[in-house]
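Please open the structure in a viewer and keep the selection tool at hand. The stops below are to be visited in order.

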Amino acid sequence: MTPIDRKRLLFRSMTLDDVPTIVAIEQESFATPWTEEAFVNELTNNHFARYMVMDYENEVIGYAGMWTIMDEAHVTNVAVREGYRGQGLGERLMTELQRTALLFGARRMTLEVRVSNEVAKRLYAKLGFKPSGIRPGYYSDNKEDALIMWAELPESSEVEQWYDEERI
């Protein structure tokens, strides 16, 4: 694990130049990683797609994506580079994704997670996500079910507190 100074993290929109690094992180993180073509398509053709990278000292160490449709955001991907895991960076990335969803007018956020992924389920619960259903056989690699989770995003008055807490 490479320890980091969280105050030096930078969050920015994903660009096409980031795609090779994102694909490498995908391959480290998932049994059925998205392809380069999938990310290029998301960035160039999907008007609902919003993808961000987490940069540390000019290195992309994580990323997250979502689709924003009306007042809902659907999380598509969240991953942190293998050598940087275990430092709360997934939580930091998800918090930034929730903030971004608010900027795009979302009031609620949803995602799917493997029913066996206890670490991710605990993180999402900590961020206000609650189970709301199952998608049977959702994951193509082993036909594992996905747990559907939803979270209400904070009201605008709570957002200032959110930012203040992060500065501490």
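A polar contact is a pair of N or O atoms within 3.5 Å; within protein, one must be able to donate a hydrogen and the other to accept it. The model on display is a predicted one.

Begin by selecting Asn-46 and Glu-42, whose side chains make such a polar contact at 3.2 Å. Asn-46 belongs to the loop that runs between helix H2 (36–45) and strand E2 (49–56). Its relative accessibility is 18%, so Asn-46 counts as buried. Leaving aside residues up to four places away in sequence, Asn-46 touches Asn-41 and Trp-67.

Next, turn to the aromatic rings; the structure holds five aromatic pairs. Select Phe-39 and Tyr-51: their ring centres lie 6.2 Å apart with the planes at 80°, so this pair is edge-to-face. Phe-39 is in helix H2 and Tyr-51 in strand E2, twelve residues apart, and the pair thus links distant parts of the chain. Both Phe-39 and Tyr-51 are buried. Tyr-63 is found in strand E3 (residues 59–69), 24 residues from Phe-39.

Proceed to helix H3 (residues 89–103), which reaches 21 Å from its first C-alpha to its last. Of its 15 residues, 13 are buried, so H3 is largely enclosed by the rest of the structure. Gly-105, which follows H3, has a positive phi near 90°.

Finally, select Arg-108, which lies over the face of Trp-150 at 4.0 Å from the ring centre. The charged end of Arg-114 sits over the ring of Tyr-139, 4.1 Å from its centre.

Methods: Residues are numbered from 1 along each chain as its sequence is written. This is a predicted model: local features need pLDDT of at least 70, side-chain atom pairs count only at pLDDT 80 or more; totals for chains, interfaces and linings use all residues. Side-chain values use heavy atoms; hydrogens and water are left out. Helices (H or I, at least four residues) and strands (E, at least two) are DSSP runs, numbered from the N terminus. Buried means under 20% relative accessible area, exposed over 50%, partly exposed in between (1.4 Å probe, protein chains only). Contact means heavy atoms within 4.5 Å. The expected span of a helix is 1.5 Å times one less than its number of residues. Rings of Phe, Tyr and Trp (its six-membered ring) pair if their centres lie within 6.5 Å; planes under 30 degrees apart count as stacked, over 60 as edge-to-face and the rest as tilted. A charge sits over a ring if NZ of Lys or CZ of Arg is within 6 Å of the ring centre and within 35 degrees of the ring normal.
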